[in-house]
Amino acid sequence: MQKGGYIYIMTNNHRTTLYIGVTSDLERRVQEHRTHYYKHSFTAKYNLEKCVYYEYFLDIEQAIKREKQLKKWSRSKKETLISRLNPEWNNLA
């Protein structure tokens with residue numbers, strides 16, 4: 001049985017930094033970012049506590065493939081992707 005997965009994009013209140021991740025449990029993972037569960041992580045360092053975009057995949061391998069694709073994109077292309085789904089960049093968590 002395949003396990004599904006999510007790709008997600010986190011940012012801070014000023015939208016200065018973006019982080020793209022992949023997980024099988026979006027709710028738990030976003031909560032870890034918001035509470036700085038990993039104190040020395042990239043998301044803790046830059047205070048990335050807002051989940052502004054996510055996609056669900058039935059297969060975790062497809063989610064990983066999508067994550068790698070998005071990480072290669074330019075900042076402006078990532079911003080356009082977020083703005084199409086979430087024009088106000090609200091926290092989706």
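Begin the tour by selecting Tyr54, Leu85 and Leu92, which together make a nonpolar surface patch of about 270 Å². Such a patch is made of residues with over 30% relative accessible area and no salt bridge, with nonpolar side chains (Val, Leu, Ile, Met, Phe, Trp, Tyr) joined within 5 Å and like charges joined within 9 Å; the areas come from the Shrake-Rupley method with a 1.4 Å probe, and for residues only the protein chains shown count as cover. What you have open is a predicted model, in which local features need pLDDT of at least 70 and side-chain atom pairs count only at pLDDT 80 or more, while totals for chains, interfaces and linings use all residues. Residues are numbered from 1 along each chain as its sequence is written, and side-chain values use heavy atoms, with hydrogens and water left out.

Stay on tyrosine 54, which lies in strand 3 (residues 50-57); helices (H or I, at least four residues) and strands (E, at least two) are DSSP runs numbered from the N terminus. Tyrosine 54 counts as partly exposed because its relative accessibility is 36%, given that buried means under 20% relative accessible area, exposed means over 50%, and partly exposed is in between (1.4 Å probe, protein chains only).

Now show the whole chain as a cartoon. The protein has four helices and three strands, and from the N terminus on its elements run β-β-α-α-β-α-α. The radius of gyration, taken over C-alpha atoms, is 13 Å, close to the 12 Å that the globule rule gives for 93 residues, so the protein is as compact as a globular protein of that length; the rule itself is 2.2 Å times the number of residues to the power 0.38. Along the principal axes, the C-alpha atoms fill a box of roughly 40 × 30 × 20 Å. Of the 93 residues, 41% are buried, and the accessible surface comes to about 6000 Å², of which 49% belongs to carbon and sulfur atoms.

Turn next to the charged side chains. The structure holds six salt bridges, each being a side-chain nitrogen of Lys or Arg within 4 Å of a carboxyl oxygen of Asp or Glu. Select arginine 66 and glutamate 55, whose side chains meet in a salt bridge at 2.9 Å, N to O. This pair links distant parts of the chain, with arginine 66 in helix 3 (residues 60-71) and glutamate 55 in strand 3, 11 residues apart. Both arginine 66 and glutamate 55 are buried.

A further selection is Asp25, Arg28, Arg29 and Glu32, joined into one network by salt bridges that share partners. Because they are three residues apart in helix 1 (residues 26-34), about one helical turn separates them.

Finish at lysine 78 in helix 4 (residues 75-85). Which side chain of opposite charge is nearest to this buried lysine 78? The nearest is glutamate 79, 9.6 Å away, and lysine 78 has no salt bridge; here Lys and Arg count as positive and Asp and Glu as negative, while His and the chain ends are not counted. Leaving aside neighbours within four places in sequence, lysine 78 is in contact (heavy atoms within 4.5 Å) with Leu18, Ile20, Leu70, Lys71 and Trp73.
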